[in-house]
Amino acid sequence: MYRYDNFDHQITRERIAQFGDQVRRRLSGELTEDEFRILRLHNGLYLQVHAYMLRVAVPYGLLSAAQMRMLATISRRYDRDYGHFSTRQNVQFNWIKLEDASAILAELASVEMHANQTSGNCIRNITCDEFAGVAQDEIVDPRPYAEILRQWSTFHPEFAYLPRKFKIAITGASVDRAATAVHDIGLAAVKNAQGEVGFRVLVGGGLGRTPILGTEICDFVPWQHVITYIESIVRVYNEYGRRDNLYKARIKILVKAIGIDEFRRRVEADWQYTRNGPCTITTAELNRVAAFFTGPDYEHLPENDVGVAALTSENRAFSNWVQRNVKPHKVPGYAAVVLSLKKTGIAPGDATAVQMDAAAELAERFSYGELRVTHMQNLVLADVKQSDLYDLWHAARELGMATPNIGLLTDIICCPGGDFCSLANARSIPLARAIAERFDNLDFQHDIGEIELNMSGCMNACGHHHVGNIGILGVDKDGEEWYQVSIGGAQGNDSSLGKVIGRSFTFAQTPEVIGRLLEVYVRERFAGERFIDTVRRIGHIPFKEYVYATPVTDDKTLAGMEYRLLAAGAAHDTPLYASGV
Amino acid sequence: MIIKNKTIAADDWSVLRLEENDTPHDVVVPEGKIIVPLKVWQAQRNVLQARTELGVWLASDERAEDLKSDLARFSVIAVDFPRFADGRGYTIARHLRVRLGYAGELRAIGDVLRDQMFYLQRVGFDAFVPRSDKDIGGALKGLNDFSFTYQASSDERLPLFRRVQRGSGI
């Protein structure tokens with residue numbers, strides 16, 4: 001993976017000093033909260049329901065074992081022994097004191113990590129295919145470009161105060177695992193007829209209040225020009241994006257308002273000034289960065305390990321795990337393994353300090369010391385020898401990270417929701433738990449097959465509910481939490497936005513509603529047909545009719561203490577607000 | 001006092017802002033060193049172009065291109081930041097420097113604060129009028145927050161990877 005040179009280190013050090021001084025001036029009252037808020041957001045620090053939340057960047061989802069251990073250390077030293085992996089491949093700590101923020105950033109810097117631009121109206125952490133470099137369907141390894149773009153976007157002087165946040169995703173495979181269609185810019189590395197590398201560029205995708213899939217602005221930008229081209233897109237957005245209404249400020253609204261043709265015309269008009277200019281990427285720079293991503297020294301192994309085949313036939317639990325959590329690898333005899341952070345009863349994406357340390361150790365033992373974070377909120381060991389799979393499975397199982405549910409019903413994408421987030425209308429973690437508990441039976445899940453259930457606690461859509469095959473959105477009706485259910489959303493190559501089935505439900509009704517949707521699917525499906533394909537074939541009406549045919553009763557078992565709506569801080573210790581703020 | 005060429009200096013320019021009942025045509029432009037709104041320049045250029053010393057300022061929703069053929073007429077061009085979080089002024093400044101080749105004084109006015117100074121300097125501002133309730137000495141320090149930068153902008157026309165030998169010591 002990429003290693004900092006002295007320039008990266010110096011820039012990071014000076015950023016920490018800058019932010020440390022800003023914190024000092026805030027605590028002394030020299031900066032007002034209004035002035036400070038945007039500065040702290042640029043350093044990943046949110047003020048949430050109970051305390052400050054620090055969002056640490058995991059650039060394009062890649063972590064070394066040492067970095068993962070540092071995350072564990074930070075969770076122990078400054079938080080409550082756990083971290084939350086997010087849909088943007090970042091990690092969030094929920095119980096941070098303002099006074100500790102600079103010290104945490106310094107600890108992160110010691111392992112070449114940071115929290116730069118993980119919030120605020122600037123270019124955010126660039127996300128990437130979690131199987132980059134190892135996927136069988138990869139055309140171009142996107143990671144060198146992701147790193148080059150990370151550096152370009154870091155403290156870009158022109159783009160720190162955009163109309164709204166700006167998210168870029170990049171993939172280099174034929175299957176889009178980076179959800180590029182729902183980003184402000186989606187990049188897909190491709191090769192032209194001459195074998196030259198370039199990018200297909202989508203612009204104006206996004207979820208939130210106004211979900212829109214990205215539109216192609218250019219089918220092939222040669223790799224040398226990707227910085228100048230993207231810079232022109234962001235520049236046009238900075239000039240013309242709306243600033244009068246927070247909810248209409250994303251680039252998608254601008255692209256829709258003026259149309260993709262006019263938007264493209266403005267981008268190309270600006271690009272004429274910079275194309276072939278000094279910001280054109282040099283082969284030397286690409287080679288320098290790409291040299292960090294050449295992959296480990298793989299052993300020569302047979303295509304399929306004989307031992308694994310034997311074990312899967314005699315051990316059903318292991319076989320289930322191999323079927324769901326083990327993914328193909330471009331090198332014979334290797335596999336990529338997904339460590340599930342979706343064990344029933346645990347908040348999706350949460351990992352304890354013990355798990356983080358242990359995952360680092362597994363990475364060192366089985367996967368050349370590297371891990372990835374996925375936008376589905378799981379972890380990946382990307383370079384595992386097939387002959388190690390059984391030992392890895394045992395070790396992961398003891399850690400509670402081997403639930404064989406990747407791509408299944410309980411592999412729920414879920415935002416922090418009302419338990420933590422000050423924007424949320426409703427809780428999402430307890431509902432994810434209630435749904436996971438209801439459908440915990442693995443045989444049932446395997447029978448239902450591939451399905452994505454995504455949940456957001458408000459229309460900002462951090463839980464990507466619009467692109468869930470089943471989407472759940474928390475809404476506020478007169479101060480009460482309700483849940484709107486949609487079906488038919490999908491991410492990836494056939495992205496689509498889900499359609500709401502009808503009026504919303506209470507917390508305690510929602511698991512039953514999911515059950516009814518699945519009953520319709522089981523009744524209507526063809527053999528081997530996925531949930532999303534059934535929805536697309538028969539439409540949403542049969543689902544809607546069945547769900548609303550008879551009253552949905554509240555599940556009484558969900559009235560227990562842990563599912564009740566919590567007043568802020570009620571279930572926790574005294575909130576850790578920093579003094580004087 | 002303003003910050004100019006990285007030092008605190010006295011300044012005798014004043015900024016004309018239109019009041020509620022003023023129109024660009026009718027507003028009286030006082031004599032002396034005055035920085036007028038773009039709209040006033042456009043409305044009264046026949047009179048104003050006779051002045052030996054004149055400045056003009058752009059609002060954040062105005063375009064650098066509107067000054068394209070007049071750049072040489074002004075002793076100072078200013079860009080107004082109605083709120084520090086309104087980032088349009090950064091692109092306006094860059095256009096003036098990089099696209100239009102303006103080489104004269106470029107001044108940031110309005111909600112100009114210490115923590116934006118470094119970025120403002122990078123996109124091409126060389127004069128700054130920090131908000132009057134803030135310590136100007138602190139704002140001056142903001143110009144030195146970083147020793148290195150990754151990207152090209154108005155100050156450095158080359159990105160870091162063309163400026164230095166990457167992967168090595170400093």
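Two strands are taken to pair if DSSP finds at least two bridges between them. On this basis, in the predicted model examined here, five strands of chain A form an open sheet in the order β3-β14-β15-β12-β11, with antiparallel pairing. The edges of this sheet are β3 (62-64) and β11 (326-327) of chain A, each of which pairs on one side only. Strand β11(A) is joined by 2 bridges to strand β12 (residues 334-339) of chain A, and the two run antiparallel. Within this pairing, A:V326 is placed opposite A:V337 of β12(A).

Two helices of chain A lie across strands of this sheet. Helix α3 (residues 65-78) of chain A lies across β3 and β14 (370-373) of chain A, and its direction makes an angle of about 85° with β3(A). Helix α12 (residues 389-398) of chain A lies across β11, β12 and β15 (379-385) of chain A, and runs at about 10° to β12(A).

A further set of pairings in chain A involves strand β7 (residues 168-171), which is covered on both faces. On one side A:I168 and A:I170 are buried, and on the other A:A169 and A:T171 are buried. Strand β6 (residues 127-128) of chain A runs parallel to β7(A) and is joined to it by 2 bridges; the bridge partner of A:C128 in β7(A) is A:I170. Between β6(A) and β7(A) the chain passes through helix α5 (residues 143-153) of chain A, in a β-α-β crossover that is left-handed. Strand β7(A) is also joined by 4 bridges to strand β8 (residues 185-191) of chain A, again in a parallel arrangement. In that pairing A:I170 stands opposite A:L187 of β8(A).

A:E112, in the loop between α4 (101-109) and β6 of chain A, has a positive phi near 60°. This residue counts as partly exposed because it has 18 C-beta neighbours inside 10 Å. A:A461 lies in the loop between β17 (453-456) and β18 (470-477) of chain A, and its phi is likewise positive, at about 65°. A:A461 is classed as buried because 23 other C-beta atoms lie within 10 Å, the cut-off for a buried residue being 20 or more.

Chain B contains 5 helices and 8 strands, which follow the pattern β-β-β-β-α-β-β-α-β-α-β-α-α along the sequence. A compact globule of 170 residues would have a radius of gyration near 15 Å, and the value of 17 Å for chain B therefore agrees with that expectation. Along the principal axes, the C-alpha atoms of chain B fill a box of roughly 60 × 35 × 25 Å. Of the 170 residues in chain B, 38% are buried. Among contacts in chain B between residues at least 6 apart in sequence, 45% join residues at least 24 apart.

The two chains meet through 31 residues of chain A, which are in contact with 34 residues of chain B. On the side of chain A that touches chain B, at least two residues are supplied by each of α1 (6-27), α2 (33-41), α5, α6 (226-240) and α8 (283-290) of chain A. The largest share, 7 residues, comes from α1(A). By residue class, this side of chain A divides into 13 nonpolar, 9 polar and 9 charged residues.

Methods
Residues numbered from 1 in each chain as written. Chains lettered and ligands numbered in written order. Predicted model: local features only at pLDDT ≥ 70, side-chain atom pairs only at ≥ 80, totals over all residues. Buried ≥ 20, exposed ≤ 12 C-beta atoms within 10 Å, placed from the backbone. Right-handed = clockwise from strand over helix to strand, strands pointing away. Rg over C-alpha atoms; globule rule 2.2 N^0.38 Å. Contact = placed C-beta atoms within 7 Å. Axes fitted to C-alpha atoms, helices over the stretch in contact; angles between N-to-C directions. Nonpolar A, V, L, I, M, F, W, Y, C, P; charged D, E, K, R; others polar.
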